Amino acid sequence: MPVTAITREMCRDRHKRLSLIGEYTANRTLKALKTCLKFAKKARGYPIDNPVEAVSLHSVGLDEGDNEKHIPLDGIRSWYART
């Protein structure tokens, strides 16, 4: 999918779905996407606003007693099938 096709609604929906797995994971994923989109805009000159800015990230952090659900290595396939 071209980066110009990513919408605010898509980012909000993906963040919400990833939050079911873990709030920290959802935040980190969207922050990574935000960084990629910033790079695309700067390096390639894509004329887009960053749709990730429309997402309200969770206020969690590893040093704040993160309640992240960790996925064991043997559970990755079933986790991926659910997302």
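Here is a short briefing on the chain as a whole and then on one of its helices.

This is a predicted model, where local features need pLDDT of at least 70, side-chain atom pairs count only at pLDDT 80 or more, and totals for chains, interfaces and linings use all residues. Residues are numbered from 1 along each chain as its sequence is written, and side-chain values use heavy atoms, with hydrogens and water left out.

**The whole chain**
- The protein chain has 3 helices and 0 strands, counting DSSP runs numbered from the N terminus (helices are H or I, at least four residues; strands are E, at least two).
- Starting at the N terminus, the order of elements is α-α-α.
- Out of 83 residues, 27% count as buried, meaning under 20% relative accessible area, with exposed over 50% and partly exposed in between (1.4 Å probe, protein chains only).
- Take the contacts (heavy atoms within 4.5 Å) between residues at least 6 apart in sequence: 66% of them join residues at least 24 apart.

**Helix H1**
- H1 covers residues 8-19, so 12 residues, and spans 16 Å from first C-alpha to last, close to the 16 Å expected at 1.5 Å a residue (1.5 Å times one less than its number of residues).
- Its buried residues are Cys-11, His-15, Leu-18 and Ser-19.
- Those buried residues line one face of H1, because they fall within an arc of 105° seen down its axis (the arc is that of the directions from the helix axis to the C-beta atoms).
- Helix H2 (23-44) is part of what covers the buried residues of H1.
- On the face of H1 turned away from its buried side sit the exposed residues Glu-9 and Lys-16.
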